[in-house]
Amino acid sequence: MQFQHIAGVGTRLWRWSRNSGTQPRLLHAAKAAAAAALAWVVARHVPGVAAEYPYYAPLGAVVAMQTTVFAGLRSGLQTLVGIALGIAVAAFTMWVGDPGILAVALAVGVGVLVGGFRILGEGSSWVSTAALFVLLVGGAHAEGYSLGYLVQMAVGVVVGLLVNFLVFPPLHFWDAERRIDQVNSVLATHLDGLADVLEQGKRDERAWDQAQDRLDRAIADVRGRVSIAQESRRINPRGALRGSRARLQRDGSRFRALERVAWYTTDLTELVARSGPVSANLGRPDEAFTTPLVRAIRQVAAMIRGEHPPEEGDRAIAELEDALDASHEQPSDVAVTSTALVSLRGIVESERRATQDADTETGPADAPRRGLRARWELRGRKRGRKRGH
C-alpha cells in the first residue's frame with residue numbers, strides 16, 4: 001500500500017514536471033552546462049593566438065544552445081557574422097583615428113547602423129558589441145584579439161551545435177499539443193461566460209475586453225508553440241522517426257481548426273454581448289430564443305471540454321433551429337438567433353476538426369484515441385471506475 005502511494009506521488013510529480021515544462025528546461029540547462037564545459041576544454045587546445053582567449057568558447061556554446069537545433073544553427077551563424085562585421089567596424093574606426101571618445105561613439109554608431117539589417121537576426125546586437133570589444137579590450141593587440149575572439153566563438157558554436165544535435169535533440173510536439181488542449185478550456189470558459197451574460201441580460205464591456213484579450217493571447221501563444229514544434233523537426237535526427245511528420249501535420253491542422261473556433265467565438269461574442277440581444281437599447285431577446293440559445297452555448301462549451309459527446313451539442317443546436325423555425329415574428333430576434341446559429345455550427349465543426357486525431361485526456365505520449373467521442377468515452381470510463389472504487 002505504501003509502495004502504491006509512493007508510486008502515485010512519483011507519477012503525479014512526473015506528469016507535473018512534464019506539463020509545466022520543467023523536464024525540457026532541466027534537460028536544456030544540463031546540455032548547456034555540458035556544452036560550455038566541453039567548449040572550455042577544447043578552447044584551451046586551439047593552436048595559435050586564439051588559445052589566449054579560451055573564455056569566448058563557452059559563450060559561443062551558450063549562443064548555439066537554443067530550444068531547437070535549427071534555431072541554434074541560425075543563432076550561431078548570425079552571431080559569427082555579426083562579430084565579423086563588428087571586427088570590420090572596429091578596424092574602420094581605428095583606421096580613422098586613435099581610440100578615444102569619438103572612436104567609441106563612431107564604433108557604436110556605425111555598429112548599430114550596420115546591425116539594423118533584419119537579415120542579421122540575433123547577430124545584429126553583436127556588431128556594436130564586437131566593435132567595442134576589439135576597440136577597447138583588444139587595443140594595441142586588436143589583430144590577434146580579433147582572430148582569437150572570432151575563432152573561439154566559432155569553436156563554442158560548433159561544440160554547442162554538436163551537443164544539441166547528438167544529446168536528445170529537442171522535439172517540441174508535446175508542448176504544442178498541451179497548449180492546444182489548454183485553449184479548449186479557455187474557449188469553453190469564454191462560451192460559458194457568454195451564456196451567463198445572455199441569461200442575465202447584463203453586459204460588462206470591460207470584462208468582455210479582458211476575456212477577449214485572454215483568448216487572443218492564448219491563440220497567439222499556441223501559434224508560437226506550433227511554430228517552434230515545426231522548427232524543432234528541422235535538422236533533427238529524431239525528426240526522421242516514423243510518425244513525426246504526420247504528428248506535426250496533425251498539430252498544424254488542429255491549430256488551424258482552433259483558430260477557426262476562436263474566430264467564431266469572437267463573432268458570437270460581438271453578436272450577443274456587444275451589438276446583439278444584451279447590448280444597449282436592445283435588451284434581452286424573447287424567452288423562446290434565449291432559453292434554447294443559452295442551452296446550445298452551454299452544450300457547445302461542454303463539448304469543447306470533452307464533458308459530453310458531440311451529439312449533445314448537435315441536439316442543442318437542433319432545438320435552437322426548431323425554435324427559430326417555429327417563429328415568424330420579432331425579426332430582430334430572429335436575425336440575431338439565426339446568425340448565432342451559424343457561429344455555433346462553425347464552432348462545433350471546427351472543434352471536431354481540432355480534436356479528430358488527438359486525445360486531450362491522455363496526451364500524445366499515451367495510446368492513441370480518436371475524436372471527441374473517444375475523449376468523452378474515456379472520461380466516462382474514468383468516472384465509472386471512481387464510482388465503483
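The model is a predicted one.

Start with the whole chain, coloured by secondary structure. Switch to a surface view next. The accessible surface comes to about 20300 Å², and carbon and sulfur atoms account for 60% of that area. Of the 389 residues, 44% count as buried.

Now select residues 56-64, which form helix 3. Of its 9 residues, 7 are buried, so helix 3 is largely enclosed by the rest of the structure. Show side chains to find the buried ones: Tyr56, Ala57, Pro58, Gly60, Ala61, Val63 and Ala64.

Next, select residues 101-114 (helix 5) together with residues 124-138 (helix 6). Their axes come within 7 Å and cross at roughly 155°. Because angles over 145 degrees count as roughly antiparallel, helix 5 is roughly antiparallel to helix 6. The crossing of helix 5 past helix 6 is right-handed.

Stay on this pair and display the residues that touch. Helix 5 contributes Ala103, Val104, Ala107, Val108, Gly111, Val112 and Val114 to the contact. From helix 6 come Val127, Ser128, Ala131, Leu132, Leu135 and Leu136. Colour them by residue class: the contact of helix 5 with helix 6 has 11 nonpolar residues, 2 polar and no charged. An α-helix has 3.6 residues a turn, so residues three or four places apart point the same way.

Key
Residues numbered from 1 in each chain as written. Predicted model: local features only at pLDDT ≥ 70, side-chain atom pairs only at ≥ 80, totals over all residues. Heavy atoms only, no water. Buried < 20%, exposed > 50% of the residue type's maximum accessible area, 1.4 Å probe, protein only. Helix = DSSP H or I, 4+ residues; strand = E, 2+ residues; numbered from the N terminus. Axes fitted to C-alpha atoms, helices over the stretch in contact; angles between N-to-C directions. Parallel < 35°, antiparallel > 145°, perpendicular 65-115°, else oblique. Left-handed = near helix turned anticlockwise from the far one by under 90°. Contact = heavy atoms within 4.5 Å. Nonpolar A, V, L, I, M, F, W, Y, C, P; charged D, E, K, R; others polar. Areas by Shrake-Rupley, 256 points an atom, 1.4 Å probe, with all protein chains shown as cover.
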